[in-house]
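Please view the sequence and the model together while reading.

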Amino acid sequence: MLVTDKYAYTSKLAKKDPLAKVIFTFAALFLCLILNSVFVSIFILIFFAGFTIISNPAVSFIKYIKFMLIPFSFLIMGIIPVLITFVKDESIIILIERFNIGITYQSLSASVNLFFRALSAVSITYFLALSTPMVSFFESLYKLKLPKLFISLMELIYRYIFILIDEAEAMYKAQKLRLGYRNFKSSLYCISELAAMLFIRAYKRADFSYQALLSRGYDGEITTISQEYEKAYIFYVLIFFIAGFCITLKAVL
Amino acid sequence: MITKNLFAGIFPALLSFFLTLPEKSYAMHIMEGYLSPSWSIFWIVLAVPFIIYGFFAIRKKISENTKFFILLAMCGAFAFVLSSLKIPSVTGSCSHPTGVGLGAVLFGPTPMAVIGFIILLFQSLLLAHGGLTTIGANIFSMAVVGPFAAYGVFKGALKAGISSGIAVFLAAFAGDILTYVTTSIQLALAYPDAVGGFMTSLWKFMGIFAVTQIPLAISEGLLSVIVYNVLLKYSYKELNLLKAV
């Protein structure tokens, strides 16, 4: 279920300084949104897709395309209202003549722009997601001096997600074996019971966890030893090159 | 179960979209890069006070009882897993619940802002639903407006003497609908119609997302009631501790 998490560990960049990667990602996102041009977006899309595929041996081209298709349903649904609009006179296609509904040059260029900008932003996020395991991501948050309690909460939630997914999968299998999910009514009942039981189990787990932590000297704070990471100044250099290239691209075209 | 179905579902989802019945639709997470920088920052600024307030509320509760921390973490994980389950939709397709209503009823709306923020961050990094730049807008609709609406409706319905089952249904339904309306408003503000302006754009966004969101709200309402009833039967004590009864 956690699509990207497994692949993040196989990346060649997994051991690099996570803070540099986070800063790199946010700088690129900012650049992509602020320049807001089709050619810049396409360049960023190609660059980050290539970078991710080359740096991660487990992510093939086909797999990457599949990743990119995940947010597609929102993309299509989100673009249709921008694309189809009330037409005055300068239209390309009139879909419903009576109400003057159609596509104009303006709406077409706006939606093409939006399409590529969203896709390139997704490719940037995938770079972070497919090169930084969550554990390293938390390290970068510690370095950013976010409240410790908040990061500990994130770490615990992340840990518990896997425990609960395992339980949910076991329960799902058991229900399926006992002829669950036959029709709408049965599906609704099965999934509801699964959710309720999952909550009860989660509550019990929390009890056990708390006892285990207490017996190990827990006093409201969880301290962990941070890992050593390789320095990665290359990302700071790289972002300057990308920024320079993108700005010239925007100025020229 | 979910891993295998995830990729298998994408092409059917695309195909069935054109038959106006999306196979699977996540709750309305605004995708990465969809909002312009000014709107992204605007919604982040609007969402931050709620997160800070929720954070201090959590900190206060933890200083009273350290167990609350573990409980909250488990609840957060539960909410994440809940939002990745597939629930049967009344139109015959499947969709993912938001967990907004149930979460707000169980844990109250204040900690939901913090938990919602963490869940949305995980969803954008692990599942590619939502995004880092649009996280402010998503927090505002899904972790602030939705839970507060659901909680308000739940408490109001209980005060009006409606049975708790129906109150939970109404809460979950209202939470989903208001989340959907808020997201539509956010999208319409960012992309107003060239001719009709904000209102035309709002109707367009609400119209297109209604296809998935209204059936989802009904299904999630039903789901929440059954979950709530089972919990009431088996773990009344725990619910009492969380002050949800």
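The model is predicted, so local features need pLDDT of at least 70 and side-chain atom pairs count only at pLDDT 80 or more, whereas totals for chains, interfaces and linings use all residues. Residues are numbered from 1 along each chain as its sequence is written, and chains are lettered from A and ligands numbered from 1 in the order in which they are written.

**Makeup of chain B**

Chain B contains 10 helices and three strands. Both kinds of element are DSSP runs numbered from the N terminus: helices are H or I with at least four residues, and strands are E with at least two. Along the sequence, the pattern of chain B reads α-α-β-α-α-β-β-α-α-α-α-α-α. Of its 245 residues, 60% count as buried. A residue is buried if 20 or more other C-beta atoms lie within 10 Å of its own, exposed if 12 or fewer, and partly exposed in between, with C-beta atoms placed from the backbone. Among the contacts in chain B with a separation of 6 or more, 72% involve residues 24 or more positions apart. Two residues are in contact if their C-beta atoms, placed from the backbone, lie within 7 Å.

**The contact between the chains**

In this interface, 70 residues of chain B are in contact with 76 residues of chain A. Several elements of chain B supply at least two residues each to the side that touches chain A, including helix 3 (37–64), helix 4 (67–84) and helix 9 (197–234). Helix 4 of chain B gives the most, with 14 residues. By residue type, that side of chain B divides into 49 nonpolar, 15 polar and six charged. Here Ala, Val, Leu, Ile, Met, Phe, Trp, Tyr, Cys and Pro count as nonpolar, Asp, Glu, Lys and Arg as charged, and the others, Gly among them, as polar.

**Selected helices of chain B**

B:Lys67 is found in helix 4 of chain B and is buried, with 20 other C-beta atoms within 10 Å. Helix 8 of chain B is mostly covered, with 21 of its 27 residues buried.

Helix 7 (residues 135–159) and helix 8 (residues 164–190) of chain B pack at an angle of about 150°, their axes being 7 Å apart. Helix 7 of chain B is therefore roughly antiparallel to helix 8 of chain B, a term for angles over 145 degrees. Axes are lines fitted to C-alpha atoms, for helices over the stretch in contact, and angles run from 0 to 180 degrees between N-to-C directions. The residues of this contact divide into 19 nonpolar, eight polar and no charged.

**A loop of chain A**

A:Leu179 lies in the loop between helix 8 (148–177) and helix 9 (184–214) of chain A, and A:Tyr181 has its place in the loop between these helices. Phi of A:Leu179 is near 60°, a positive value in a residue other than glycine. A:Tyr181 also has a positive phi, of about 60°, although it is not a glycine. Most residues other than glycine have a negative phi. A:Leu179 counts as exposed, with 9 C-beta neighbours inside 10 Å, while A:Tyr181 counts as partly exposed, with 17.

Methods. Parallel < 35°, antiparallel > 145°, perpendicular 65-115°, else oblique.
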